[in-house]
Amino acid sequence: MSRQTIVAANWKMNGNSDLVTEILSGLNEQRFSDNHQVVICPPAPYLAAVQSAITNSKIATGAQNINENEKGAYTGEISALMLKDLQVQYAILGHSERRAMFHDSSELVAEKVAYALASGLKPILCIGETEEEREAGETESRLTSQLAPVIAKVGIEKFKDVVVAYEPVWAIGTGKTASAEIAQQTHEFIRGYLASFDADVAQTVPLLYGGSVNAKNCEELFAQADIDGGLIGGASLKIEEFKKICQAV
Ligand code: PGA
């Protein structure tokens with residue numbers, strides 16, 4: 001079956017108004033195939049500007065995080081309902097930088113995924129192992145320990161509206177990409193794990209690869225059977241490179 005393909009740009013804490021103009025004017029003119037979605041996830045202050053610069057129906061916006069509560073006394077936090085109000089469609093949740101630096105445990109990530117879904121946002125749920133975990137043969141147990149609390153919290157049927165991004169921590173921002181073979185093996189494992197709960201749902205979930213994806217390595221990665229696109233950090237800030245990645249899926 002043909003799953004939706006997605007290329008999502010994670011700007012992290014980078015960019016400014018000029019970058020919004022440069023990236024969107026470059027992307028709006030592109031043609032993407034029917035089942036393809038491009039998602040731009042700028043820092044929150046630029047979400048509205050990106051949203052209003054979009055003229056191409058294949059481009060959507062996403063947040064980089066949400067709070068797990070609807071509203072209230074949570075200074076500095078962002079509610080999923082506010083994002084919906086801005087017509088934002090996606091939210092990156094559980095990115096390894098948030099897990100490592102901002103105490104986003106797998107249980108908290110599960111709450112955020114639940115709240116995003118309840119608010120009508122599609123979560124881009126990030127999972128991935130560290131270099132030490134891979135070397136110790138703990139990749140699979142790490143990935144299931146990140147997925148299981150989310151499945152327990154929202155139920156596998158809800159994964160019809162979830163995108164999973166596999167991002168090995170050792171490949172993020174390091175220039176070290178997982179080989180296409182390792183990435184495919186790991187994606188196959190993730191899909192198999194989801195299928196152990198519901199085989200039909202597992203077939204529909206877009207699985208994105210992330211970690212030092214660039215214009216040179218994207219084609220081989222995206223050609224793999226279980227890789228349905230990418231979550232792109234550094235290379236999403238350069239319009240010519242990002243256009244190539246978007247067209248490679
Ligand atoms: P990178 O980041 O492409 O710069 O490695 C990917 C990510 O962290 O989502």
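Tutor: Exposed means over 50% relative accessible area, buried means under 20%, and partly exposed is in between. Keep in mind that this is a predicted model.

Student: Why is Gln87 called exposed?

Tutor: Gln87 has 54% relative accessibility. The cut-off for exposed is over 50%. So Gln87 counts as exposed. It is in the loop between helix H3 (80–85) and strand E4 (90–93).

Student: Is Lys12 buried, exposed or partly exposed, and why?

Tutor: Its relative accessible area is 21%. Buried needs under 20%, and exposed needs over 50%. Therefore Lys12 is partly exposed. Lys12 sits in the loop between strand E1 (5–10) and helix H1 (17–28). Lys12 is also one of the residues around the ligand.

Student: Which other residues are around the ligand?

Tutor: Among them are Asn10, His95, Glu167, Ser212 and Gly234. The cut-off is a heavy atom within 4 Å. By class, the shell has three nonpolar, seven polar and two charged residues.

Student: How much of the ligand does the protein cover?

Tutor: On its own, the ligand has 290 Å² of accessible area, and the protein covers 95% of that. The ligand takes up the space of the second largest pocket.

Student: What makes Ser236 buried?

Tutor: Its relative accessible area is 0%. Buried means under 20%, so Ser236 is buried. Ser236 lies in the loop between strand E8 (229–232) and helix H11 (239–248).

Student: Which backbone oxygens does the side chain of Ser236 reach?

Tutor: The Ser236 side chain reaches the backbone oxygen of Gly233 at 2.7 Å. A polar atom of that side chain lies 3.2 Å from the backbone oxygen of Ile232.

Student: Why does Glu133 count as buried?

Tutor: Glu133 has 18% relative accessibility. The limit is under 20%, so Glu133 counts as buried. It is in helix H6 (residues 131–135). Its side chain reaches the backbone nitrogen of Thr130 at 2.9 Å. The Glu133 side chain also makes a polar contact with the side chain of Arg142, at 3.4 Å.

Student: Why do Ala49 and Ala60 get their labels?

Tutor: Ala49 is at 36% relative accessibility. That is between 20% and 50%, so Ala49 counts as partly exposed. Ala60 is at 2%, under the 20% limit, so Ala60 counts as buried. Ala49 is in helix H2 (residues 47–53). Ala60 is in strand E3 (residues 59–63).

Note on methods
Residues are numbered from 1 along each chain as its sequence is written. This is a predicted model: local features need pLDDT of at least 70, side-chain atom pairs count only at pLDDT 80 or more; totals for chains, interfaces and linings use all residues. Side-chain values use heavy atoms; hydrogens and water are left out. Accessible areas come from the Shrake-Rupley method with a 1.4 Å probe; for residues, only the protein chains shown count as cover. On a 1 Å grid over the protein atoms alone, a cavity is a set of points where a 1.4 Å probe fits but cannot get out, and a pocket is an open set with protein on both sides within 12 Å along at least five of seven lines; lining residues have an atom within 4 Å of a point. A molecule sits in a cavity or pocket if more than half of its atoms lie within 2 Å of its grid points. Ala, Val, Leu, Ile, Met, Phe, Trp, Tyr, Cys and Pro count as nonpolar, Asp, Glu, Lys and Arg as charged, and the others, Gly among them, as polar. Helices (H or I, at least four residues) and strands (E, at least two) are DSSP runs, numbered from the N terminus. Buried means under 20% relative accessible area, exposed over 50%, partly exposed in between (1.4 Å probe, protein chains only). A polar contact is a pair of N or O atoms within 3.5 Å; within protein, one must be able to donate a hydrogen and the other to accept it, and residues adjacent in sequence count only if both atoms are side-chain atoms.
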